[in-house]
Amino acid sequence: MAASPEPGCPLCHEDGGLLIARYGKFRIIRATGPDAADFPGFYRVVWNDHVAEFSDLAEADQLLCLRAVSAVERVLREQLAPTKVNLAALGNMVPHLHWHVIARHDWDSRWPAPVWAAPQRTADPQRLAELHARLADCDAAIAATAAQIF
């Protein structure tokens, strides 16, 4: 049985970004807005039911969730050739289980610090534009890969 939506939880009532794929238990979105402006390869795997912690999931659902995170990571590595992929399941601001899967480049504005740190340099507009131009293909590859797995 699905958990009830939590009043006031944005991830219970909205996709949380640009919807790439939706499945029965989770969805994959690309982050949009100011949080992701300097990080075009910023995706999230969002658990559809309102649970706060990864350990709230049954073991089979934990495996399913991690398989989804891994699938997104693999596609980001293939499509965007990042220096590193950051994975995080913080949930401090929105206590609804979601994994951040973020393609990072050693030239980005906050490298090597987390994306939530203060900028250390100005973002390179040409490189950002190149990544933005590849996002439609990346989105399609994530959706296609996920469809094969899930």
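Me: What should I know before reading the values?
Reply: Residues are numbered from 1 along each chain as its sequence is written, and side-chain values use heavy atoms, with hydrogens and water left out. As the model is predicted, local features need pLDDT of at least 70 and side-chain atom pairs count only at pLDDT 80 or more, while totals for chains, interfaces and linings use all residues.

Me: What is the strand order in the sheet?
Reply: The open sheet of 5 strands runs β1-β2-β3-β5-β4, with antiparallel pairing. Strands (E, at least two residues) and helices (H or I, at least four) are DSSP runs numbered from the N terminus, and two strands pair if DSSP finds at least two bridges between them.

Me: Why is one side of β1 and of β4 left without a neighbour?
Reply: β1 (18-22) and β4 (84-88) stand at the edges, each with a single partner strand, so one side of each has no neighbour in the sheet.

Me: How many bridges join β2 and β3?
Reply: Strand β2 (residues 26-30) and strand β3 (residues 42-47) pair in the antiparallel sense over 5 bridges. Among the residues involved, Phe26 has Trp47 in β3 as its bridge partner.

Me: New topic: which residues lie nearest the centre of the largest pocket?
Reply: They are Arg44, Met93, Val94, His98 and His100, out of 15 lining residues. A pocket is an open set of points on a 1 Å grid over the protein atoms alone, where a 1.4 Å probe fits, with protein on both sides within 12 Å along at least five of seven lines; lining residues have an atom within 4 Å of a point.

Me: Which elements supply the lining?
Reply: α1 (10-13), β3 and β5 each supply at least two residues.
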